[in-house]
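Hello,

Here is the structure we talked about. Please open it first, then read my notes below.

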Amino acid sequence: MKKRRRFSRLFYLPLFLSFCSIYSYGQTGTITGKVIAAADRTELEAVAVSVKEKNKGGYTNSKGEFSFNINAGDYVVQFSYMGSQPIEKKVVVTLGKTTDMGIITIDASAQMLDEVVVDGMIKKFAQKKSDFVARMPIKNLENPQAYTVVPKELLNEQIAVDFRNVLTTSPGVTAATLGVGSGGTGMAMRLRGFAGADGAGSIRNGMATNFVSLSDPANLESIEVIKGPSGTLFGTTLISYGGLINRVTKRAYGEKGGEIGFSAGAWGLGRMTADYNTTLDKEGKALFRVNTALYKENSFKDYGINKTFMLAPTFTFNATDRLSFTVDAEYFKSNRTTSYVNLSGVDIKNLDELNWDWNKSFASNDVTSKAEVLNIFAEAKYKISDKWTSQTLVSYARTDNDANYIFLDVTSTDSLSRRMMHIPSVFTTQQVQQNFNGDFYLGQFRNRVLIGMDYTRLTTIDTRSIVTSYDKGLSTTTGNIAIHGAAVPIYLDKYNLKMASPNQTRNTRRFTRTYSTYFSDVFNVTERLDLMASLRLDRFDDVENNYMQTAWSPKFGVVYQVLKDKMSVFANYMNGFQNKSPGAYNEAGDIMAFKPEHAFQWEGGLKLELFNRKLNSTISVYHIKVEDRLRSVTASTGSAVTSYSVQDGTQFSKGVEMDIIANPTPGMHIILGYAYNDNEFTKGGAEGKRDMATPKHLGNFWISHKLMSGALKGFGIGLGGNFASSSYLDSQNKYEASGYGKLDATLFYEYSNFRIGAKINNLTDKHYWLVDSYAETQAPRQFLANMTYHF
């Protein structure tokens, strides 16, 4: 109890510090305003706003608004749009006050406005704008961390119908497989050589939901691939040392509109989506939006189904110009076949040696895994002053699972045994977070400060029943069935009969609470040089095992803009960690307290935003070291088998990553990504080995072009692909999955409010495996068609 009291004092310390810091808000003044087009009074985005003879300013946002801080005095502000001659306006800035320049009108020609339409998509593609990566509003060129933002516009162009399609568009993401765990069904993935089964979309709007849980991409505004160990600002729940995936969901906006879409394709695929937005009052303060999706698809194999439904309403109330509230919910229901290939002592080196029949599932449409997911999110945002903003966040997540996993244990190149696992389970995650963001000057130095506190409560309950050999006593006496023989489906009545007398049963419970406080400051040494310093204190309370643990996580970064608002070089030192509960450390089963695992990253790179942001690129080199890795050891004494943990592992991961987004000509979009990763265990039983599911080389690209004039105006074509070198199924590097290259192509037509598209996935009909502990055959060639109506 004394330790908990001492920590509670530390937990509330940042709240005191934040109010002590607010005194600095009066050191400068603020210039605000709005820019519109003279012709049609529409707001103009990306207007360059700068103070004459001063290196201050920025660009207007999507609403035409601009705002920046500057010392008191008389100035001339210049406005330039699409390379036009600048317009000049005089302004007087008063200490500690906001000077509103009102509405600035620019005589934008029709040609300029047409170019805005042409460039609109690429600005969505190229704009790496995020309030989540640093948990404060700083630009990509000011951020010392590498990240990628994939907007919904790219997902629509690629006709991404599920979350796996979404992940494969993201540079640096590999092994996007259907993951398993404690009865859940989610997307596993790898970033920078580390597993991210917990992080593949489990972070939603910067807050934790539940691990191994899915959703539908219809509610996505964008996804953010945040690279590197990010424990300082995101803690340890549901992220990996390689990074995390943050799902940014759609928000309500101030007008009526929406869209309806329908997709159809091979294997009985059918998907309907709807998006509707409206205002609920005359003043436009109450905003409502709802997204929904209904999806059904059979498998390319003889058996297999995937049925999902999603409903996601969101409500925003702008009470005043300082105070706003947002509440949203997301309900997702799924029913799918979940089967996985496991190599169990088979004498091969590569999965291709199995000569697997791509049409066989060895599964059933009757024995499936069901899940119901509910995510609720609430935000209250209050502008305390011109310099300080308060953000209060609350999230709740619950997943009810009824899993029926089918494991295909391959014992030879000719036979396999089917192992079944029935796991009903319930996951819950509750999180409360309070952030204070400050933007103020200390003398001539600008500081952008984050002070935050976080409480996260996580529980899981599951009951596991295992049948080690489903077919034994049914179709065979040994329990093995032929890989290349006739199909032997799984019947529900026989499955239930087997599960009534399982070989193994086990109940598992988890209950943890994490109390955290964190601080971050972006300090402008000059207009071009920024320093970042961040620190997190994390107190982990394993209630189930009556154990508490403390961890510190620092983060440092430096950014220098070689060309202001065009090119920056950056470097960072980042830390990630994972709390570890007590466990057995020897064959006798003696219990000990393990230390937190820690990951340490050094990274440097280059960021570009050139040619009026028509070329955007990030190139980085990183080195990650993980210490005190916990590994499982199995020991046999006679017929008894015991498992225990040893904390002696060390792993290195280093590599190079690059992404390029370009708009070389009107209507053309080019997106390229490449990642090289070299990782190795240097201690802990797998010395010299490479971690599973981590190809050395990984690449993706997407090139599309839409005709902007002529008789075929509105027609477009796109070509993309994913490439990966070989990887291992296991950390002992016994089994290998061959590298692959997959191409996708699309043809589309846009006219007025309609969009019609057709796509072929896996154009060359490539048969390939994806692996991550288990192996999964990937879909062959598939045809899709889509029609969308905007209103």
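The model is predicted: local features need pLDDT of at least 70, side-chain atom pairs count only at pLDDT 80 or more, and totals for chains, interfaces and linings use all residues. Residues are numbered from 1 along each chain, and side-chain values use heavy atoms, with hydrogens and water left out.

**Core.** A nonpolar core is a set of buried Ala, Val, Leu, Ile, Met, Phe, Trp, Tyr and Cys residues joined through side-chain atoms within 4.5 Å. Buried means under 20% relative accessible area, with a 1.4 Å probe and protein chains only. The largest core has 35 residues. Phe163, Leu167, Met187 and Ile245 have the most contacts inside it. Another core, of 30 residues, lies apart from it and includes Ile348 and Val467. Beyond four places in sequence, Leu167 is in contact (heavy atoms within 4.5 Å) with Val173, Ala176, Met187, Ala200 and Ile245.

**Sheet.** Strands are DSSP runs of E, at least two residues, numbered from the N terminus. Two strands pair if DSSP finds at least two bridges between them. Two bridges join strand 10 to strand 11. Arg190 stands opposite Ala195 in strand 11.

**Cavity.** On a 1 Å grid over the protein atoms alone, a cavity is a set of points where a 1.4 Å probe fits but cannot get out; lining residues have an atom within 4 Å of a point. The second largest cavity holds about 130 Å³, the space filled by probe spheres set on the points. Its lining has 17 residues; Phe234 and Asp454 are among the closest to its centre.

Best wishes

How values were computed. On a 1 Å grid over the protein atoms alone, a cavity is a set of points where a 1.4 Å probe fits but cannot get out, and a pocket is an open set with protein on both sides within 12 Å along at least five of seven lines; lining residues have an atom within 4 Å of a point. Buried means under 20% relative accessible area, exposed over 50%, partly exposed in between (1.4 Å probe, protein chains only). Helices (H or I, at least four residues) and strands (E, at least two) are DSSP runs, numbered from the N terminus.
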